[in-house]
Amino acid sequence: MVTFATLRARWHGFAGTFAALALGVALMAATALVLLAAAPTVPARYANAAVLVRSPDPGADPTVSRRPWSQSEASALAARIAPLDGVVAAVPDPSFYAQALIGGKPAGRPQGELDGHGWATLALASFPLRTGHAPGPGEIVVDEVLGVRAGD
């Protein structure tokens with residue numbers, strides 16, 4: 001009875017305390033969501049790779065002159081890494097601009113990557129080739145989201 005009487009007399013203090021706690025919990029939850037959303041993720045095409053070696057980021061330090069590795073530099077590094085103990089495969093992954101056009105209009109996901117990758121990098125990916133076969137001369141492999149059938 002005394003507790004309810006005290007609560008009736010000081011309800012504004014209880015409401016203020018409850019509001020402050022609720023706002024604190026909401027702020028902590030929002031902060032946790034931002035931290036989780038900002039965490040770096042590995043692209044699906046590299047999901048099976050245990051270790052990734054990346055060329056220097058040219059914009060990371062403006063006082064140091066850096067440039068991305070060329071195809072020959074990446075291949076030379078892969079050749080040096082391949083014979084090391086525990087290395088199953090060393091695959092250079094040079095990317096190149098690739099934009100799918102169907103009927104003269106850009107196709108695919110609007111937020112999709114505009115990078116093409118060599119066939120050898122499929123060994124690093126977490127997804128398999130679903131239909132068709134490995135590309136030969138003059139052939140490419142495309143994402144099924146483009147709506148192109150194997151062999152087209």
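**Overall picture**

Modeller: Buried residues make up 7% of the 152 residues in the chain, where buried means under 20% relative accessible area, exposed over 50% and partly exposed in between, with a 1.4 Å probe and protein chains only. This is a predicted model, in which local features need pLDDT of at least 70 and side-chain atom pairs count only at pLDDT 80 or more, while totals for chains, interfaces and linings use all residues. Residues are numbered from 1 along each chain as its sequence is written, and side-chain values use heavy atoms, with hydrogens and water left out.

Biologist: How many helices and strands are there in the chain?

Modeller: The chain has three helices and four strands, and from the N terminus on they run α-α-α-β-β-β-β. Helices (H or I, at least four residues) and strands (E, at least two) are DSSP runs, numbered from the N terminus.

Biologist: And α2, does it lie in the open or is it buried, and why?

Modeller: Of the 28 residues of α2, the number buried is zero, so α2 lies largely in the open. Its length agrees with expectation, because at 1.5 Å a residue the 28 residues of α2 (residues 11-38) should span 40 Å, and the end C-alpha atoms are 40 Å apart; the expected span is 1.5 Å times one less than the number of residues.

Biologist: Switching to pockets, what lines the second largest pocket?

Modeller: The lining of the second largest pocket has 35 residues, of which Leu 52, Val 53, Arg 54, Val 91 and Asp 93 lie nearest its centre. The elements that give two or more residues to this lining are α3 (71-81) and β4, and α3 gives the most, with five residues. A pocket here is an open set of points on a 1 Å grid over the protein atoms alone, where a 1.4 Å probe fits, with protein on both sides within 12 Å along at least five of seven lines, and lining residues have an atom within 4 Å of a point.

Biologist: You listed Asp 93, so what does its side chain make polar contacts with?

Modeller: The side chain of Asp 93 makes a polar contact with the side chain of Tyr 46 at 2.3 Å, and another with the side chain of His 117 at 2.9 Å. A polar contact is a pair of N or O atoms within 3.5 Å; within protein, one must be able to donate a hydrogen and the other to accept it, and residues adjacent in sequence count only if both atoms are side-chain atoms. Asp 93 is placed in the loop between α3 and β1 (95-97).

Biologist: Is Thr 121 buried or exposed?

Modeller: Thr 121 counts as buried because its relative accessibility is 8%. Thr 121 sits in the segment after β4 (115-117), and its side chain reaches the backbone oxygen of Gly 118 at 2.6 Å. Not counting residues up to four places away in sequence, Thr 121 touches Arg 45, Val 91, Pro 92 and Asp 93, where contact means heavy atoms within 4.5 Å.

Biologist: Last one, where does Trp 69 lie?

Modeller: Trp 69 lies in the loop between α2 and α3 and, at 33% relative accessibility, counts as partly exposed. Leaving aside neighbours within four places in sequence, its contacts include Val 53, Arg 54 and Leu 77.
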